[in-house]
Amino acid sequence: MTNNIIKKDGRVYILGSKNISDLYIGSTTLTIKQRKALHKSNHKLKKNKCRSAIVIDAGDWYMIEIEACPCTTKWELQQRERFHILNTPNAVNNNTPTNCKTQKEYHQQYKKQNADKIKQYNQQYNKQNADKIKSNHQQYYQKNVDKLNAQSRQYNKQNADKIKAQARIKDTCPNCGTTHRHDGKRKHQRTKTCTKIVDTEVNAVMKSMLDIICMD
Ligand SMILES: [Zn+2]
């Protein structure tokens with residue numbers, strides 16, 4: 001089950017056996033019939049590492065819904081599951097789900113516990129959807145150009161002193177090696193001193209390329 005539930009039709013259930021008094025308590029957004037089938041097939045495939053196996057192994061097992069829990073998130077459903085586990089002395093469950101008091105806390109805990117998984121997923125998603133993301137960004141920019149410009153103007157206004165201080169920092173030009181003010185970079189790179197050197201370098205490269213071509 002993922003973090004966010006799309007279905008709002010959750011339920012807490014008991015899995016019991018006519019042969020033992022132990023009970024397993026679970027929650028699901030599937031129907032009881034669907035969830036029962038899943039328990040059955042997982043148990044058959046020995047995939048059932050969860051404690052429900054204790055009850056299923058005892059034979060004559062059944063599943064009944066004990067509370068219908070309309071919910072929008074897994075956290076809400078787990079809160080109810082936790083309540084029933086804590087109030088059922090013969091529950092075989094090892095883990096009580098979510099001890100978080102609030103949904104925010106639950107999300108933070110989930111993020112922390114699954115940081116690597118989330119990072120990996122995001123990286124893969126970004127890679128697979130690079131074109132879509134790029135076009136979304138472009139669309140977003142086009143739709144919100146006025147808002148973004150206003151935000152940027154506000155930022156500049158609020159951080160005027162910081163920006164001014166940064167602008168005064170001396171930068172060394174990567175083309176000609178002279179120093180100039182940070183905010184004067186564009187202006188400087190259009191000056192004759194700078195372009196002359198760039199031109200000279202470009203000419204030198206062109207000349208060496210010509211030399212190579214003429215060698216044949
Ligand atoms: Zn320069």
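Two residues are in contact if their C-beta atoms, placed from the backbone, lie within 7 Å. In the present structure, which is a predicted model, helix H3 (residues 74–86) lies across strands S1, S2 and S3 and runs at about 165 degrees to S2.

The three strands form an open sheet in the order S2-S1-S3, with antiparallel pairing. Strand S2 (20–28) and strand S3 (61–70) are the edge strands, each of which pairs on one side only. On average, neighbouring strands of the sheet are turned by 20 degrees against each other when direction is ignored.

With S3, strand S1 pairs in the antiparallel sense over nine bridges, and here Leu-15 stands opposite Met-63. In a regular strand the side chains alternate between the two faces of the sheet.

Helix H1 comprises 13 residues and reaches 18 Å from its first C-alpha to its last, close to the 18 Å expected at 1.5 Å a residue. Lys-46, which follows H1, has a positive phi, near 60 degrees.

The largest nonpolar core contains 13 residues, and Leu-15, Leu-23, Tyr-24, Ile-25 and Val-55 touch the most other members. Two or more residues are given to this core by each of S1, S2, helix H2 (52–57), S3 and H3. The surroundings of Leu-15 illustrate the arrangement. Apart from neighbours within four places in sequence, Leu-15 is in contact with Leu-23, Tyr-24, Gly-26, His-39, Ser-52, Val-55, Trp-61 and Met-63.

Glu-65, located in strand S3, was examined next. This residue has 14 C-beta neighbours inside 10 Å and therefore counts as partly exposed, since a buried residue requires 20 or more and an exposed one 12 or fewer. Beyond its neighbours within four places in sequence, Glu-65 is in contact with Arg-11, Tyr-13 and Ile-32. Although Glu-65 and Leu-15 are 50 residues apart in sequence, their C-alpha atoms are 9.0 Å apart in space.

Key. Residues numbered from 1 in each chain as written. Predicted model: local features only at pLDDT ≥ 70, side-chain atom pairs only at ≥ 80, totals over all residues. Pairing = 2+ DSSP bridges. Helix = DSSP H or I, 4+ residues; strand = E, 2+ residues; numbered from the N terminus. Axes fitted to C-alpha atoms, helices over the stretch in contact; angles between N-to-C directions. Core = buried A, V, L, I, M, F, W, Y, C linked by C-beta atoms within 7 Å. Expected span 1.5 Å × (residues − 1).
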